[in-house]
Amino acid sequence: MSHETQEKAAQLQAVIEEYKGKPGNLMPVMQKAQGIYGYLPLEVQNAIAEGLDVPMTEVYGVATFYSQFNLELKGKYTIGVCLGTACYVKNSQKVLNALAEALGIEVGKTTPDGLFTLEATRCLGCCGLAPVMMINNDVYGRLKPEEVKGILEKYKEA
Ligand code: FES
């Protein structure tokens, strides 16, 4: 276990101790755990279930039901490609495919270096720029699939 992992585990244990036996403790403990780890991998869910003495199925159910909980670690940059109607008819699916290929990951996944998470989104509200993608808060419009590689390079260097 690395020093950082140990430290996080200790922080989580302290949170569990604080909330143990208190009614309605599952949500706050899970929120704090996500604050510590940035997401809720299975081993963290397990530690919570054991620590609070609640069934793992309950922890997992809450983690998957509420969108505030991330089951996977997000990359430094989240890429959202719009698959809303206006973008879709302008080939945003091809843009999304080009990104998946350039990054070597499926939609919904994060690159192993932790840099990019690729997502498909609903209408981003700027249909006039279709097809549109966002990288964190940056908007890219009138995209062509062959442009995405060059755009990714800028973020790799940043
Ligand atoms: S459909 Fe893509 S921005 Fe509206």
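The paragraphs below lead through the sheet of this predicted model, then its salt bridges, and finally a patch on its surface.

Because the model is predicted, local features need pLDDT of at least 70 and side-chain atom pairs count only at pLDDT 80 or more, whereas totals for chains, interfaces and linings use all residues. Residues are numbered from 1 along each chain as its sequence is written, and side-chain values use heavy atoms, with hydrogens and water left out.

Four strands form an open sheet of mixed pairing in the order β2-β1-β3-β4, where strands (E, at least two residues) and helices (H or I, at least four) are DSSP runs numbered from the N terminus, and two strands pair if DSSP finds at least two bridges between them. β2 and β4 (138-140) stand at the edges with a single partner strand each, so one side of each is left without a neighbour in the sheet. Neighbouring strands are turned by 20° against each other on average, direction ignored, the axes being lines fitted to C-alpha atoms (for helices over the stretch in contact), with angles between N-to-C directions running from 0 to 180 degrees. Helix α7 (residues 148-157) packs on this sheet and touches β1, β2, β3 and β4, its direction making about 165° with that of β4; contact here means heavy atoms within 4.5 Å.

Strand β1 (residues 77-82) has five of its six residues buried, that is, under 20% relative accessible area, as against exposed at over 50% and partly exposed in between (1.4 Å probe, protein chains only). β1 pairs in the parallel sense with β2 (residues 116-121) over six bridges, Ile79 having Leu118 as its bridge partner in β2. With β3 (residues 133-135), β1 runs antiparallel and is joined by three bridges, and Val81 stands opposite Met133 in β3.

The whole structure contains four salt bridges, each a side-chain nitrogen of Lys or Arg within 4 Å of a carboxyl oxygen of Asp or Glu. One of them joins Lys74 to Glu119, with the closest N and O atoms 2.9 Å apart; this pair links distant parts of the chain, since Lys74 lies in the loop between α4 and β1 and Glu119 in strand β2, 45 residues apart. Another joins Glu4 and Lys8 (3.2 Å, N to O), which are four residues apart in helix α1 (residues 3-19) and therefore separated by about one helical turn.

On the surface, Leu42, Tyr60 and Leu71 form a nonpolar patch with about 270 Å² of accessible area together. Such patches are made of residues with over 30% relative accessible area and no salt bridge, nonpolar side chains (Val, Leu, Ile, Met, Phe, Trp, Tyr) being joined within 5 Å and like charges within 9 Å, and accessible areas come from the Shrake-Rupley method with a 1.4 Å probe, for residues with only the protein chains shown as cover. Tyr60 belongs to helix α4 (residues 56-65) and counts as partly exposed because its relative accessibility is 41%.
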